[in-house]
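Dear colleague,

I am handing over the structure we spoke about, and I would be glad if you could look through it alongside the notes that follow it.

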Amino acid sequence: MATTAEHPHTHDRAPEHTPRLQLAKLAPEAYKAVLALEIASKKDLDPVLVELVKIRASQLNHCAFCLDMHTKDALAAGESVERIVQLSAWEESRHFYTERELAAIELAEAVTVLTDGFVPDEVWERAAKQFEERELAQLVTVIATINVWNRFAVATRMVPGHYTPGMYDTKG
């Protein structure tokens, strides 16, 4: 697989944008607090499921930095390229995912796009059938946390493309 530097069309690409500010350095207490939430939120959840949820929320929030990070983390965790690619059209690609994954993805979408209204009862009920209450609480926390990260990254214009799996150890 060619890296960005080795890619034959690298010279044709637009230049990278410049980040607006370094949030982690300028608001370290807030950054560390969200990082602690990140670590706590993933406890006892399947890492691949967590990455699918983070990718879907990041797609909805148009967060290129988080998409770069979480697609790479998903691949490193054993996820397939095919399932990652199909995630943006999960409703038409249901057969790529388990019922548990579909419930998590649907809940991630409902919690992320609150401008459509409240999380529908039927979405919540499908998730509640697939996850024990403690897992469901963790899942909601994962969804809320990725939405915080998305907003940090989008607002500050973090630059995608430079992340490597394990770069930020958030295993806890």
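In what follows, a helix axis is a line fitted to the C-alpha atoms over the stretch in contact, and the angle between two axes runs from 0 to 180 degrees between their N-to-C directions. Please keep in mind throughout that this is a predicted model.

With that convention, helix H2 (residues 28-41) and helix H8 pack at an angle of about 145 degrees, their axes being 9 Å apart, and the crossing of H2 past H8 is left-handed. On the H2 side the contact is formed by Tyr31, Val34, Leu35, Leu37, Glu38, Ala40 and Ser41, which meet Gln138, Thr141, Val142, Thr145, Val148, Trp149 and Phe152 in H8. Sorted by class, the residues of this contact comprise nine nonpolar, four polar and one charged.

Helix H8 (residues 133-156) also packs with helix H7 (residues 121-130), and here the axes come within 8 Å and cross at roughly 125 degrees, which means that H7 is oblique to H8. The crossing of H7 and H8 is right-handed. The residues that meet are Trp124, Ala127, Ala128 and Gln130 from H7 and Glu135, Leu136 and Val140 from H8, and they divide into five nonpolar, one polar and one charged.

Valine 154 is likewise located in helix H8. With a relative accessible area of 38%, valine 154 counts as partly exposed, because that value falls between the limits of 20% for buried and 50% for exposed. Once its neighbours within four places in sequence are set aside, valine 154 is in contact with Arg20, Asn61, His62 and Cys63. Valine 154 and cysteine 66, although 88 residues apart in sequence, are 9.1 Å apart in space from C-alpha to C-alpha.

Is arginine 83 buried or exposed? Its relative accessible area is 14%, so arginine 83 is buried, the cut-off for that class being under 20%. A polar atom of the arginine 83 side chain lies 2.7 Å from the backbone oxygen of phenylalanine 96.

Conventions
Residues are numbered from 1 along each chain as its sequence is written. This is a predicted model: local features need pLDDT of at least 70, side-chain atom pairs count only at pLDDT 80 or more; totals for chains, interfaces and linings use all residues. Side-chain values use heavy atoms; hydrogens and water are left out. Buried means under 20% relative accessible area, exposed over 50%, partly exposed in between (1.4 Å probe, protein chains only). A polar contact is a pair of N or O atoms within 3.5 Å; within protein, one must be able to donate a hydrogen and the other to accept it, and residues adjacent in sequence count only if both atoms are side-chain atoms. Helices (H or I, at least four residues) and strands (E, at least two) are DSSP runs, numbered from the N terminus. Angles under 35 degrees count as roughly parallel, over 145 as roughly antiparallel, 65 to 115 as roughly perpendicular and the rest as oblique. A crossing is left-handed if the near helix is turned anticlockwise from the far one by less than a right angle, and right-handed if clockwise. Contact means heavy atoms within 4.5 Å. Ala, Val, Leu, Ile, Met, Phe, Trp, Tyr, Cys and Pro count as nonpolar, Asp, Glu, Lys and Arg as charged, and the others, Gly among them, as polar.
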